[in-house]
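Here is a short report for a reader new to this structure. Start with the view below, then read on.

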Amino acid sequence: MPLTEMTEILAAKSPRRKGSSGLKITLKPFERIEIGGLTLVNGWTESSTFSIEGIAPVLRQANTIQEDRADTALRQVYLRLQKLYLRRDGATIESYLEAAERLLAEMPAAAQAVDKAGKAIAEDRLYAALKVYRDLLDETDPGWSADESEPAPIKQGTREVQPSVEFVRDRRRYRAGQSRSHAG
């Protein structure tokens with residue numbers, strides 16, 4: 001299916017809602033998960049289990065790509081489609097189509113993947129389209145995503161900081177590496 005036809009089909013479709021009974025997910029220490037327009041980071045040194053109720057697209061850290069790592073045409077296509085799937089601000093089908101055209105110009109062997117993803121997008125199955133590109137990335141670009149064990153940086157305003165660990169016990173707080181010279 002040509003990329004221009006895909007735009008018309010998507011413009012005519014309205015967002016589809018499915019019933020949901022919730023999702024229970026366990027995150028490793030400092031692992032992140034993308035939930036719609038939000039990012040949830042397990043800021044604890046142990047695994048934590050979360051229950052996500054409601055309807056929202058969800059992607060684990062291992063299946064996401066950060067903007068600073070999207071330095072190839074294939075990574076750019078995946079990033080744009082990821083933003084569409086997660087319903088992020090500024091995500092448009094036009095930006096995805098432009099990136100897909102650049103990918104085809106740079107990597108003609110990706111034509112089958114672009115076509116397969118295009119069909120999934122036309123059927124409003126964005127996650128299936130992401131999976132097509134994820135498989136292509138796994139084949140051609142190892143190390144494209146953040147490692148699951150890599151601590152997720154936390155954005156505070158315009159700067160990124162590595163997560164700090166804080167232990168809470170008996171309503172007293174202790175910072176990791178801080179001595180306990182005070183009796184409480």
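**The cores**

This is a predicted model. Its largest nonpolar core holds 32 residues. Those with the most contacts inside this core are Y78, L81, Y96, L103, I121 and Y133. Four helices each supply at least two residues of the core: α2 (73–85), α3 (93–106), α4 (111–122) and α5 (126–140). The largest share, 8 residues, comes from α2. In soluble globular proteins, nonpolar side chains tend to be buried together.

Leaving out residues up to four places away in sequence, Y78 touches N63, I65, L130, Y133, R134, L137 and W144. Among these partners, Y133 is also one of the core residues with the most contacts.

**Two helix pairs**

Two packed helices are described by the angle between their axes and the distance between the axes. The table gives both values for two pairs.

| Helix pair | Axes come within | Crossing angle | Handedness |
|---|---|---|---|
| α3 and α4 | 10 Å | roughly 160 degrees | left-handed |
| α4 and α5 | 7 Å | roughly 165 degrees | right-handed |

Start with α3 and α4. Their axes cross at roughly 160 degrees. That makes α3 roughly antiparallel to α4, because angles over 145 degrees count as such. From α3, the residues I93, Y96, A100, L103 and L104 take part in the contact. They meet A111, V114, A117 and I121 of α4. By class, this contact has 9 nonpolar residues, no polar ones and no charged ones.

Now α4 and α5. The angle here is roughly 165 degrees, and the two helices are therefore roughly antiparallel to each other. On the α4 side, the contact uses A113, V114, K116, A117, A120 and I121. On the α5 side stand L126, A128, A129, V132, Y133 and L136. This contact divides into 11 nonpolar residues, no polar ones and 1 charged one.

**A closer look at L103**

L103 lies in helix α3. Is L103 buried or exposed? Its relative accessibility is 0%, so L103 counts as buried; the cut-off for buried is under 20%.

What does L103 touch, residues up to four places away in sequence aside? The partners are A73, L74, V77, P108, A110, V114 and Y133. V77 shows how the fold brings separate parts of the chain together: L103 and V77 are 26 residues apart in sequence, yet 7.4 Å apart in space, C-alpha to C-alpha.

Which residue sits in the loop between α2 and α3 with a relative accessibility of 48%? R87 does, and at that value R87 counts as partly exposed. Phi of R87 is near 60 degrees, a positive value in a residue other than glycine.

D124 is found in another loop, between α4 and α5. Phi of D124 is positive too, near 65 degrees, and D124 is not a glycine. With 24% relative accessibility, D124 counts as partly exposed.

Methods. Residues are numbered from 1 along each chain as its sequence is written. This is a predicted model: local features need pLDDT of at least 70, side-chain atom pairs count only at pLDDT 80 or more; totals for chains, interfaces and linings use all residues. Side-chain values use heavy atoms; hydrogens and water are left out. A nonpolar core is a set of buried Ala, Val, Leu, Ile, Met, Phe, Trp, Tyr and Cys residues joined through side-chain atoms within 4.5 Å. Buried means under 20% relative accessible area, exposed over 50%, partly exposed in between (1.4 Å probe, protein chains only). Contact means heavy atoms within 4.5 Å. Axes are lines fitted to C-alpha atoms, for helices over the stretch in contact, and angles run from 0 to 180 degrees between N-to-C directions. Angles under 35 degrees count as roughly parallel, over 145 as roughly antiparallel, 65 to 115 as roughly perpendicular and the rest as oblique. A crossing is left-handed if the near helix is turned anticlockwise from the far one by less than a right angle, and right-handed if clockwise. Ala, Val, Leu, Ile, Met, Phe, Trp, Tyr, Cys and Pro count as nonpolar, Asp, Glu, Lys and Arg as charged, and the others, Gly among them, as polar.
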